[in-house]
Amino acid sequence: MDIVQFVRDSDVDAIYFEHSYYVAPGDDMTKPYALFVQALRDSKHSAIAKVSMHSREHVALLRVSDNDLVMHTLFYPDELHQANRRKVPRKVAPEKKELALATQLMNQLAGPFRPEEFHDTYRENVEKLIEQKQKGGKVTAQPRRRRRRSST
């Protein structure tokens, strides 16, 4: 790993994140690791590094999360699909009442992020189907609901 730059935590948009990994020191490298983590935390910076993984060079972001070091491999700009990005007309301005209502709704639904509250229901349903099949039950496909196309 070759650290090439330090950036503010907020400088890298999450759209560039490809994969995330926890980074831990070897047994004999705990003090340099702890020093690096503390320096990043105190400075509110993250490190940009070049790293080789899976026979390929990646650009990565190293950042502190709690007391751990997390590495995010980053997409290169040409890997982001600009064709999927929609242009939003700038002439549309919400009315004050609409904005107040949207803000009120956001405040009512606001809260801390608790990842343990979210579940992969698709996987859970597949596991139930597998158990049902193992017990000799008949598994039939459910008809797909038609999706309504959004006009927005």
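Where is the place of Val7? I began my notebook there and found Val7 in strand β1, which covers residues 2-8. A reminder to myself before going on: this is a predicted model.

**Entry 1: Val7 and its surroundings**

I looked up the cover on Val7 next. Its relative accessible area is 9%, and buried means under 20%, so Val7 counts as buried. I then listed its contacts, leaving aside neighbours within four places in sequence. Val7 is in contact with Val12, Lys44, His45, Ser46, Ile48 and Leu61. I also checked Val7 against Met53: the two are 46 residues apart in sequence, and their C-alpha atoms are 22 Å apart in space.

**Entry 2: the whole chain**

I stepped back to see how the chain is built. I counted three helices and five strands in the protein chain. Read from the N terminus, the order is β-β-α-β-β-β-α-α. The radius of gyration is 23 Å, well over the 15 Å that the globule rule gives for 152 residues, so the chain is more spread out than a compact globule. I noted the box filled by the C-alpha atoms too: roughly 60 × 55 × 35 Å along the principal axes.

How much of the chain is buried? I found that buried residues make up 14% of the 152 residues. The chain exposes about 14,100 Å², and carbon and sulfur atoms supply 53% of that area. For contacts with a separation of 6 or more, I noted that residues 24 or more positions apart account for 60%. On charges, I have 26 positive and 21 negative, with mean positions 13 Å apart.

**Entry 3: Thr73**

Back to single residues. I placed Thr73 in strand β5, residues 68-74. Is Thr73 buried or exposed? Its relative accessible area is 1%, so I wrote it down as buried. Not counting residues up to four places away in sequence, I found that Thr73 touches Tyr16, Phe17, Glu18, His19, Tyr21, Met53, His58, Val59 and Ala60. Met53 had already come up in my distance check with Val7.

**Entry 4: positive phi values**

I went through the backbone angles with one point in mind: most residues other than glycine have a negative phi. Which residue lies in the loop between β3 (45-53) and β4 (56-65)? I found Ser55 there, and it has a positive phi of about 60 degrees although it is not a glycine. At 86% relative accessibility, Ser55 is over the 50% cut-off and so counts as exposed.

Asp66 gave me another case. I found it in the loop between β4 and β5, with a positive phi near 55 degrees in a residue other than glycine. Its relative accessibility is 67%, so Asp66 counts as exposed.

I finished with helix lengths. Helix α2 spans residues 96-109, and its 14 residues reach 20 Å from the first C-alpha to the last, close to the 20 Å expected at 1.5 Å a residue. How many of the 14 residues of α2 are buried? My count came to zero, and I noted α2 as hardly covered.

Helix α3 takes in residues 121-134. Its 14 residues should span 20 Å at 1.5 Å a residue, and I found the end C-alpha atoms 20 Å apart, which agrees.

How values were computed:
Residues numbered from 1 in each chain as written. Predicted model: local features only at pLDDT ≥ 70, side-chain atom pairs only at ≥ 80, totals over all residues. Heavy atoms only, no water. Helix = DSSP H or I, 4+ residues; strand = E, 2+ residues; numbered from the N terminus. Rg over C-alpha atoms; globule rule 2.2 N^0.38 Å. Buried < 20%, exposed > 50% of the residue type's maximum accessible area, 1.4 Å probe, protein only. Contact = heavy atoms within 4.5 Å. Areas by Shrake-Rupley, 256 points an atom, 1.4 Å probe, with all protein chains shown as cover. Lys, Arg positive; Asp, Glu negative; His and termini not counted. Charge placed at Lys NZ, Arg CZ, Asp CG, Glu CD. Expected span 1.5 Å × (residues − 1).
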